[in-house]
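Here are my notes for a first look at this one. Have the model open beside you as you go through the points.

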Amino acid sequence: MAGAFPYVAMVGSTLMQARAQGQSGAATAEAYRIQAENNRKMAEIERQWARYNSSLAIGESQRQAQRIERAGEKFLGKLAPQFAAAGVEMTGSPTDVMAGQISIIQEKKADAITAGRQESEAALYHGELNAWKRLAGASVQEYQAGAATQAARSRQLGTLLGGAWDLWDTGGLGDLFS
């Protein structure tokens, strides 16, 4: 029976090593799962920022359009009295000039609104793209968690089989059963 002690120690060491490998694999897998969850949360934050930046772009374009309209009204408000002071009748060519200016002002206003919509769409697009990248990273990390778990199981099995072989090779199993 005293001869069995080294074999019992060998078996105990092998089992402890296999257990440690399992715990290491579980910890690695859990770390990957936490990273994946963080990436999913960050994807939602990316989307929220995109919506916020989109609304800012729309709001700024509306303010820019209002500034253009006020500046145009101010310009036209000065133009009519200047024509009158010069003795020009407000028919024909002066009216055409003012109508042309109104058209230019409306075009600039429309351009500002269009630019704001484009910025808004770009913000949403980039936010969605960044969110997609985060979600793709989360998928990879979920896969890595599964792979870490499987690798730990494989290491555990290898350790147990190696320990059994060592026990067999040293004659320990024959001594135990004889």
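1. Start with Tyr52. Tyr52 is partly exposed, with a relative accessible area of 43%; buried would mean under 20% and exposed over 50%, with partly exposed in between (1.4 Å probe, protein chains only). Helices here are DSSP runs (H or I, at least four residues), numbered from the N terminus.

2. A word on what you're looking at. This is a predicted model, so local features need pLDDT of at least 70 and side-chain atom pairs count only at pLDDT 80 or more, while totals for chains, interfaces and linings use all residues. Residues are numbered from 1 along each chain as its sequence is written, and side-chain values use heavy atoms, with hydrogens and water left out.

3. How confident is the predictor? The mean pLDDT of the protein is 85, and 88% of its residues reach 70 or more; pLDDT is the predictor's confidence in each residue, from 0 to 100. Confidence is highest in helix α2 (residues 93-169), at a mean of 89, and lowest in helix α3 (residues 172-177), at 56.

4. Back to the rings. The structure holds one aromatic pair. The rings of Trp49 and Tyr52 have their centres 5.5 Å apart and their planes at 85°, so this pair is edge-to-face. The rule takes rings of Phe, Tyr and Trp (its six-membered ring) with centres within 6.5 Å; planes under 30 degrees apart are stacked, over 60 edge-to-face, and the rest tilted.

5. Which residues make up the largest nonpolar core? Six do: Ile68, Leu76, Leu79, Met98, Ile105 and Ala112. Helices α1 and α2 each supply at least two residues of this core. By definition, a nonpolar core is a set of buried Ala, Val, Leu, Ile, Met, Phe, Trp, Tyr and Cys residues joined through side-chain atoms within 4.5 Å. Leaving aside residues up to four places away in sequence, Ile68 touches Ile105, Lys108, Lys109 and Ala112; contact means heavy atoms within 4.5 Å.

6. Now for Ser120, which lies in helix α2. Buried or exposed, where does Ser120 fall? Ser120 is buried, with a relative accessible area of 5%. Its contacts, again not counting residues up to four places away in sequence, are with Ser54, Ala57 and Ile58.

7. Then the charges. Side chains of opposite charge can pair when their charged atoms come close. A salt bridge here is a side-chain nitrogen of Lys or Arg within 4 Å of a carboxyl oxygen of Asp or Glu, and by this rule the count comes to eight.

8. In the bridge between Glu142 and Arg40, the closest N and O atoms are 3.2 Å apart. Glu142 lies in helix α2 and Arg40 in helix α1, so the pair ties together parts that are 102 residues apart in sequence. Glu142 is partly exposed at 32% relative accessibility, and Arg40 is partly exposed at 32%. Glu46 and Arg134 also meet in a salt bridge (3.8 Å, N to O). With Glu46 in α1 and Arg134 in α2, this pair ties together parts 88 residues apart in sequence.

9. One more bridge to look up: Glu60 pairs with Arg67, the closest N and O atoms being 2.8 Å apart. Glu60 is partly exposed at 37%, and Arg67 is partly exposed at 36%. Elsewhere, salt bridges that share partners join Glu37, Arg40 and Glu142 into one network.
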